[in-house]
Amino acid sequence: MVLAVYFGTRKPPDGGTPPTVRTAEGAKPEVLARGKYLFEHGSACIYCHSEHDTALWGWPVKPETAGAGQCFDSKTFGLPATVCAPNLTNTPEGLGRWTDEQIITAIREGLDWKGRPLDPMMPYEEFRNMSDEDVRAVVAYLRTLPPSSKTYPVPTADHLPPAPIVPRLTGPVAAVHRDDPGYGEYMAHIALCGHCHHSQEEHPRPFGGGGEFDGPAGREIAANLTSHPTGVTGRLTKEQFVGMFESWGTIEPTPSPTGPQKAIMPRLVFGGLTADDVRAIYDYIHAQPPVDSTPAVAAPGQKGDQPMGDK
Ligand code: HEC
Ligand code: HEC
């Protein structure tokens with residue numbers, strides 16, 4: 001199989017020469033701040049590409065591993081094979097030998113430096129919408145992460161799609177700023193809300209929830225976020241919704257007496273979203289077609305009997 005030649009290393013071919021490390025030098029402070037915000041909150045990069053303390057509420061990131069990667073083992077996470085979200089730090093073992101353009105292609109188009117399609121657990125399908133301005137800010141921030149020399153295997157070929165699951169970009173992606181009308185939709189994409197909050201049926205209903213995720217705390221079902229009375233934006237006012245996110249941002253993670261906590265929903269990560277961003281996301285989701293999640297509760301014993309995701 002042709003793809004086989006691509007597997008085995010994440011390092012660019014000039015592995016023997018000194019790294020041509022790009023730096024964030026010259027990046028303006030506001031660019032780095034935007035990159036940090038997207039990395040830690042707005043696009044949840046830190047959630048997958050770092051280790052967590054799963055014994056604590058919300059699975060806080062172990063700070064010394066931020067951006068240094070982690071693996072999702074197949075048994076715990078119900079995956080066809082163990083998948084690792086690799087080291088993004090600016091070292092030869094991380095992205096130190098990748099050019100900015102190669103990193104941007106990986107983030108938005110799902111191809112690594114040598115053209116290998118990435119495992120779609122890397123949500124490039126959503127990040128494809130990320131503006132040139134934002135993706136550059138993220139890359140500038142990646143160059144400032146605490147260095148790590150961790151290495152990770154590439155996934156085995158047999159469960160990967162032969163090509164990225166979305167077409168290549170054909171031109172620049174324009175910036176979408178806070179006051180632009182499309183900002184809520186933009187954030188709902190790049191913050192992955194729609195990515196997790198839909199069903200896994202053939203025609204998934206956007207934001208209708210029902211998708212199932214396995215994790216250290218067992219199976220979790222994504223909540224219905226739509227404006228239907230059975231959905232979160234149907235039950236909560238905008239300010240209640242904002243208050244819920246703010247509460248996640250201020251909770252001190254404490255040990256759980258009952259074993260691993262549910263935390264597929266990245267509460268600690270999204271607790272750091274600005275109130276304005278949460279409002280924009282609420283407005284966008286609230287305006288989407290309502291989805292009734294009652295049928296899923298009506299059939300006892302069937303999967304999907306926890307559509308609200310309430311605690
Ligand atoms: C839901 C989990 C998840 C999130 C969120 C996520 N990633 Fe990833 N990422 C992955 C996985 C898994 C891979 C490995 C895919 C593979 O090797 O086939 C990956 C691969 C990558 C790669 C390619 C690195 C290499 O060595 O091959 C880059 C670059 C990257 N991610 C950057 C980012 C950035 C930047 C963000 C936030 C904007 C982000 N990722 C968010 C899971 C995630
Ligand atoms: C990695 C997958 C994932 C992502 C990304 C994600 N969610 Fe969730 N979310 C879940 C799951 C699973 C649940 C249900 C389990 C739970 O409540 O812990 C949930 C629950 C929720 C709840 C219900 C909380 C409650 O206590 O009633 C809200 C509200 C929510 N998500 C909003 C969002 C918004 C808004 C975004 C985007 C900013 C988002 N989610 C992104 C997986 C995700």
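What share of the contacts in the protein with a separation of 6 or more comes from residues 24 or more positions apart? The figure is 67%. A contact means two C-beta atoms, placed from the backbone, within 7 Å.

This is a predicted model, in which local features need pLDDT of at least 70, side-chain atom pairs count only at pLDDT 80 or more, and totals for chains, interfaces and linings use all residues. Residues are numbered from 1 along each chain as its sequence is written, while chains are lettered from A and ligands numbered from 1 in the order in which they are written.

**View 1. Overview of the protein.** The protein has 13 helices and four strands. These are DSSP runs numbered from the N terminus (helices: H or I, at least four residues; strands: E, at least two). Of the 311 residues, 37% are buried. Buried means 20 or more other C-beta atoms within 10 Å of the residue's own; exposed means 12 or fewer; partly exposed lies in between; C-beta atoms are placed from the backbone.

**View 2. The largest nonpolar core.** This core holds 53 residues. Ile107, Val138, Leu142, Ala191, Ile281 and Ile285 have the most contacts inside it. Helix 6 (residues 132-142) gives the most to this core, with seven residues. Domain 1 (26-159) and domain 2 (183-294) each supply at least three residues to the core. A nonpolar core is a set of buried Ala, Val, Leu, Ile, Met, Phe, Trp, Tyr and Cys residues joined through C-beta atoms within 7 Å. The domain bounds come from an automatic or database domain assignment.

**View 3. Helix 6 and its surroundings.** Helix 6 is largely enclosed by the rest of the structure, because eight of its 11 residues are buried. They are Asp134, Val135, Ala137, Val138, Val139, Ala140, Tyr141 and Leu142. Helix 1 (29-42) and helix 4 (100-109) pack against these buried residues. Leu142 touches Gly67, Leu88, Asn90, Leu95 and Ile103, not counting residues up to four places away in sequence.

**View 4. Helix 1 across helix 6.** The two axes come within 7 Å and cross at roughly 90°. That makes helix 1 roughly perpendicular to helix 6. The term covers angles of 65 to 115 degrees; under 35 is roughly parallel, over 145 roughly antiparallel, and the rest oblique. Axes are lines fitted to C-alpha atoms, for helices over the stretch in contact, and angles run from 0 to 180 degrees between N-to-C directions. Residues of helix 1, including Val31, Leu32 and Phe39, meet Asp134, Ala137, Val138, Ala140 and Tyr141 in helix 6.

**View 5. Helix 7 across helix 12.** Here the axes come within 8 Å and cross at roughly 100°. Helix 7 is thus roughly perpendicular to helix 12. Tyr183, Gly184, Glu185, Met187 and Ala188 in helix 7 meet residues of helix 12, among them Asp277, Ile281 and Ile285.

**View 6. His286 in helix 12.** His286 lies in helix 12 (residues 275-286). His286 counts as buried because it has 21 C-beta neighbours inside 10 Å. Leaving out residues up to four places away in sequence, His286 touches Ser227 and Thr233. Lys238 is 48 residues from His286 in sequence, yet 9.2 Å away in space, C-alpha to C-alpha.

**View 7. Gly194 in helix 8.** Gly194 is found in helix 8. With 19 other C-beta atoms within 10 Å, Gly194 is partly exposed. Apart from neighbours within four places in sequence, Gly194 is in contact with Ala188, His189, Pro206 and Phe207.
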